[in-house]
Amino acid sequence: MSKENKEENNVKNIDTDTFTITDNKTGETIVMPGTTGAMGNRLIDIRSLFGKTGLLTYDPGFTSTAACKSDITYIDGNQGILLHRGYSIDELANQSDYMETCYLLLYGDLPTPEQKEAFDNDIKHHTMLHEQLTKFLSGFMRSAHPMAIMVGVVGALSAFYHDKMDITDNDERRLAAHRIIAKMPTIGAYAFKYSLGLPFPMPQNSLSYSENLLKMMFANPAEDYEINPVLAKAIDRLLILHADHEQNASTSTVRLAGSSGANPYACVASGIASLWGPAHGGANEAVLKMLEEIGSAKNIQKYIKKAQDPDDKFRLMGFGHRVYKSYDPRAAVMRESCHDVLRVLGVNDPKLELAMELERIALEDPYFIEKKLYPNVDFYSGIIMSAMGFPTSMFTVMFAIGRTVGWISHWKEMLNDNEQKIGRPRQLYLGEQQRSYIPIERRGHTDRRTGWSWLWGGKK
Ligand SMILES: CC(C)(COP(=O)(O)OP(=O)(O)OC[C@H]1O[C@@H](n2cnc3c(N)ncnc32)[C@H](O)[C@@H]1OP(=O)(O)O)[C@@H](O)C(=O)NCCC(=O)NCCS
């Protein structure tokens with residue numbers, strides 16, 4: 001609001017942090033409070049709207065809805081800013097390490113050296129899995145997608161740590177949070193090794209989180225394994241870049257599941273399920289498949305056209321974001337990391353050339369400019385992981401390992417928030433009005449079309 005308007009309002013004695021909503025059908029008005037966080041957009045606080053008026057708001061995909069308060073992550077999508085607890089993502093990616101970032105997200109501040117050591121140590125002492133869990137894992141088909149295994153096995157952790165779990169107890173919450181962060185690399189590595197028919201690796205406490213993850217993924221038990229520090233650093237950066245991203249689909253899923261008081265391992269499993277979709281974490285896998293499909297730079301224009309065709313389902317994967325309407329700041333770091341990794345590995349991956357050319361062409365294309373579609377974090381992460389030797393099916397698993405701290409930090413924050421209630425959205429009902437039941441023998445042929453495909457997708 002401009003200075004002049006504020007002054008004018010003060011003269012009229014209107015509280016500027018309110019909104020007056022007028023019902024144009026009845027002429028009635030209601031005043032709703034406004035609010036602003038530490039940074040970011042103003043909000044209309046509509047909590048009392050339904051109670052006072054019986055009105056609901058309609059907002060599929062929550063594009064205009066803040067469902068909670070949070071201190072963890074701030075995003076300015078227009079400026080391409082991402083802050084965790086106030087620290088910018090590129091400072092964290094370049095100067096911090098993943099364990100420190102986990103501590104920051106969970107506890108609100110960067111740790112002192114003693115706090116860091118205690119945290120590292122505690123995480124290291126929860127990395128092993130219960131032997132029974134390995135038996136559970138062995139029940140999967142060898143060909144199972146590792147994300148299917150992640151959903152199942154992380155969900156199954158709740159069966160191992162349920163009876164004693166009291167989520168109202170802070171120590172138990174902390175234990176659950178540390179356990180899940182510690183065990184995710186082991187579960188991810190088991191899922192990978194299982195698909196290859198290789199023995200389950202053991203975590204090693206002398207290694208850092210990322211070194212241990214790298215070793216569990218790639219070491220051959222019959223041979224010595226030397227950690228490549230550049231690759232360990234790249235893994236660490238990748239985990240930092242995926243650590244949290246505010247109220248995205250999977251984090252909101254974890255919050256929604258947790259809002260009923262559910263077991264935290266089950267809540268994280270629900271987040272993994274949500275992450276798996278190609279519009280979310282599954283996009284990194286989809287980017288690589290897309291680059292393979294495009295094949296060479298000469299085909300780029302054809303695919304750019306397909307992406308713009310409203311009748312074609314093809315989208316440029318790794319492009320566009322619900323919140324970022326400028327370059328995703330994580331993509332910029334990832335792009336740099338991608339070059340480092342390929343240089344160190346001596347890999348001359350034509351997919352990187354193709355990705356850069358695709359990015360260049362798309363960023364100059366009026367359709368992508370007008371819709372503010374820029375590369376997101378998934379655009380380059382797949383190329384890094386592929387160069388390291390991860391199969392495409394493991395990309396989203398790596399994302400899930402990194403994001404676990406974000407999920408559990410939001411779960412913790414939600415449980416400590418007195419204003420949070422069980423998540424229960426309302427709806428705009430478009431179905432039949434009340435009608436009388438007709439016994440089956442009296443149901444004649446109606447003009448409704450039949451057939452399974454119509455029943456699953458057809459419109460009346
Ligand atoms: C991320 C994503 C789901 C955001 O979706 P959203 O905020 O709901 O935005 P919409 O899907 O409504 O997209 C807005 C417009 O841009 C277009 N658009 C969005 N992403 C596009 C893409 N990757 N390629 C081509 N067109 C795209 C949509 O068709 C839509 O066009 P319209 O206005 O003519 O209907 C979407 O950009 C996408 O599917 N991207 C590809 C998948 C991906 O990389 N996901 C990872 C996110 S980190």
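1. The structure is a predicted model, in which local features need pLDDT of at least 70, side-chain atom pairs count only at pLDDT 80 or more, and totals for chains, interfaces and linings use all residues. Residues are numbered from 1 along each chain as its sequence is written.

2. Helix 11 spans residues 249–258 and helix 19 spans residues 395–415; helices are DSSP runs (H or I, at least four residues) numbered from the N terminus. The two pack at an angle of about 40°, with their axes 9 Å apart. Axes are lines fitted to C-alpha atoms over the stretch in contact, and angles run from 0 to 180 degrees between N-to-C directions. Helix 11 is therefore oblique to helix 19, a term for angles that are not under 35 degrees (roughly parallel), over 145 (roughly antiparallel) or 65 to 115 (roughly perpendicular).

3. On the helix 11 side, this contact is made by Ser-250, Thr-251, Val-254, Arg-255 and Gly-258. Helix 19 contributes Arg-403, Gly-406, Trp-407, His-410, Trp-411 and Met-414. Residues are in contact if their C-beta atoms, placed from the backbone, lie within 7 Å. The contact residues divide into 4 nonpolar, 5 polar and 2 charged; Ala, Val, Leu, Ile, Met, Phe, Trp, Tyr, Cys and Pro count as nonpolar, Asp, Glu, Lys and Arg as charged, and the others, Gly among them, as polar.

4. Helix 11 is mostly covered, with 8 of its 10 residues buried, that is, with 20 or more other C-beta atoms within 10 Å of their own C-beta atom, placed from the backbone. The buried residues of helix 11 pack against helix 12 and helix 19.

5. Helix 12 (residues 264–275) also packs on helix 19, at an angle of about 135° and with the axes 10 Å apart. These two helices are therefore oblique to each other.

6. Leu-358 lies in helix 16 (residues 350–364). Leu-358 counts as buried because it has 25 C-beta neighbours inside 10 Å. Its C-alpha atom is separated by 9.8 Å from that of Asn-299, 59 residues apart along the chain.

7. Of the 16 residues around the ligand, Ala-283, Arg-315, Phe-319, Gly-320 and Arg-322 come nearest; a residue is near a molecule if its C-beta atom, placed from the backbone, lies within 6 Å of it. The shell divides into 8 nonpolar, 4 polar and 4 charged residues.

Note on methods. Contact = placed C-beta atoms within 7 Å. Buried ≥ 20, exposed ≤ 12 C-beta atoms within 10 Å, placed from the backbone.
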